[in-house]
Amino acid sequence: MGEESSKKRGRKPKKLTSDTMDFRYTNPAASSAVKDVAALPNPNNQTQRLRRGRSRTGEKHVEVPDSDIAASPERRNSMTAPAGPEAPPRWESLEKVVPAMDAVVKVFCFHTEPNFSMPWQRKRQYSSSSSGFVIGGRRVLTNAHSVEHFTQVQLKKRGSDTKYLARVLAIGTECDIALLTVENDEFWEGVSPLEFGDLPALQDAVTVVGYPIGGDTISVTSGVVSRMEILSYVHGSTELLGLQIDAAINSGNSGGPAFSEKGKCVGIAFQSLKNDDAENIGYVIPTPVIMHFIQDYEKNGAYTGFPILGIEWQKMENPDLRKSMGMRSDQKGVLIKRVEPTASESQVLKPLDVVLSFDGVNIANDGTVKFRHGERIAFSYLIPQKHTGDNALVKVLRKSEMLEFNIKLGTHKRLIPAHIKGRPPSYYIVAGFVFTAVSVPYLRSEYGRDYEFDAPVKLLDKFLHSMAQSADEQLVVVSQVLAANINVGYEEIVNTQVLTFNGKPVKNLKSLASMVESCDEEFLKFDLEYQQIVILRTETAKAATSDILKTYCIPSPMSDDLQT
């Protein structure tokens, strides 16, 4: 997503949101910023800031004959003959060269993002535009970040002046793909769905088509596949297979297809690398990830996500480490450091187990497996090939003993989730104390795009290293204290974790609200991080809550999901 600023009369410039700012890798050690290809802001209400540099056009490269090659007499005559008038090209013939472009559509979306600072309301609505394309079954594919927090989505076909109201069928946050449809039959007239091609090889030519910044008509850029590896999906905060290409991918290209030389769709443009040391590095979601998303939706009627193995591992390239684990010279694998308590494999896999193979594919000491001829890839590539609920055969070495386990794969349960999946944030208020659950969007809202550097150390430590001990565990914090007479002296408490209430551990936000509402003790006592203590008289605290809600125009002391 590009960095655009919007200036409106009588209003402050719009603050950069998750659809208009550069993102970084979740890992603080990452030094280069990967940028989500933005949904292009509406030119009617936002000004655009273009980067300096040479303009890149989407014109097709024309090869010029080598002048050193001797020409035949006929050719010499034709070269010296005066050129006669040529008939102008017919637009009908030009359209037939690339008929697949008719399947590329422009996506218009109105977004209303949550307000994490005041979770009882939402932010001001804004609009964006991006790209998409038609596939079989009267459906349209685009990027998830193009329709995130949508209130209305419209599609416009190439060469049309009509916008058609679209319905969102599924949003895959991890893979950054969304599936749309249009009820109006007129939209589907004269449109043929794209066909998917095989995974391209290195140096294969690719063409990216979409509606990027710089104009309202369709744009075509060409390049080649320069790398194929497990990438960090910025929007999804996950790692999946991705293609790196050298074709220009700009704001608004999000959701546009990438074509092979045969005219088959081989991926979806979704993000680019913006760095002073790199130029023309774009990323494409490849067909295996796309097909997984589509099959998941068709099988379950909804998006269920990509499975994980649920372990943390380290390489075993050190010979002394391998020997200490009882490995023979012909054995290779990776060492398990930790197993997620919420994963099904926690019942069978243990720390210090050596994973030798996954579903019959041997794993090397550096954590890679054979991919294609002359290529290797991280073994985590094998896991997303499965669907949630599928079984996988995992072979491990434990104290020199070979063991095999048939493991049922599940989705990732993070203590601090990467997404709230379109739901409004949860909150609970008592005596002016606003309690909420921490998520990555919450951290980004509070501390900006560099939240992994600017957030409190205690929260970052839990974000990077802590694992959820149960499926419903949340990290609950006091996000702010709404000033009132009842909470004098506590006003400076901000984003501090709540550890216990009246001596009982706080498991999640709903349990905290339930304990406070049903409390019949004389005092409400909250033990916070950094050895802070909050004590309020129960009767006066509950009585003051209603007055505080009226003062700050808050409709309810808790979010709807906590009332059920």
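How many helices and strands does the protein have? I counted ten helices and 30 strands, taking helices (H or I, at least four residues) and strands (E, at least two) as DSSP runs numbered from the N terminus.

Notes on the model. I am working with a predicted model, where local features need pLDDT of at least 70, side-chain atom pairs count only at pLDDT 80 or more, and totals for chains, interfaces and linings use all residues. Residues are numbered from 1 along each chain as its sequence is written, and side-chain values use heavy atoms, with hydrogens and water left out.

Surface and burial. Of the 564 residues, 49% are buried (buried is under 20% relative accessible area, exposed over 50%, partly exposed in between; 1.4 Å probe, protein chains only).

Contacts. I took residue pairs at least 6 apart in sequence and found that 64% of their contacts join residues at least 24 apart (contact: heavy atoms within 4.5 Å).

Cores. I used nonpolar cores, meaning sets of buried Ala, Val, Leu, Ile, Met, Phe, Trp, Tyr and Cys residues joined through side-chain atoms within 4.5 Å. The largest has 87 residues, and Phe 293 is one of those with the most contacts inside it, as are Leu 141 and Ile 177. Beyond its neighbours within four places in sequence, Phe 293 is in contact with residues including Leu 141, Cys 175, Ile 177 and Tyr 303. Apart from this core lies another of 27 residues, among them Val 516 and Met 558.

Helix H5. I checked residues 440–447 and found six of the eight buried. The buried ones include Pro 441, Tyr 442 and Arg 444. After H5 comes Gly 448, with a positive phi near 85 degrees.

Salt bridges. I found 16 in the structure (a side-chain nitrogen of Lys or Arg within 4 Å of a carboxyl oxygen of Asp or Glu). Asp 359 pairs with Lys 386, the closest N and O atoms being 2.6 Å apart. Asp 359 lies in the loop between S18 and S19 and Lys 386 in the loop between S21 and S22, so the pair ties together parts 27 residues apart in sequence. Lys 386 counts as buried at 19% relative accessibility, while Asp 359 is partly exposed at 33%.

I also noted Asp 330 with Arg 328, at 3.1 Å between the closest N and O atoms. Asp 330 is exposed at 55% relative accessibility, and Arg 328 partly exposed at 49%.
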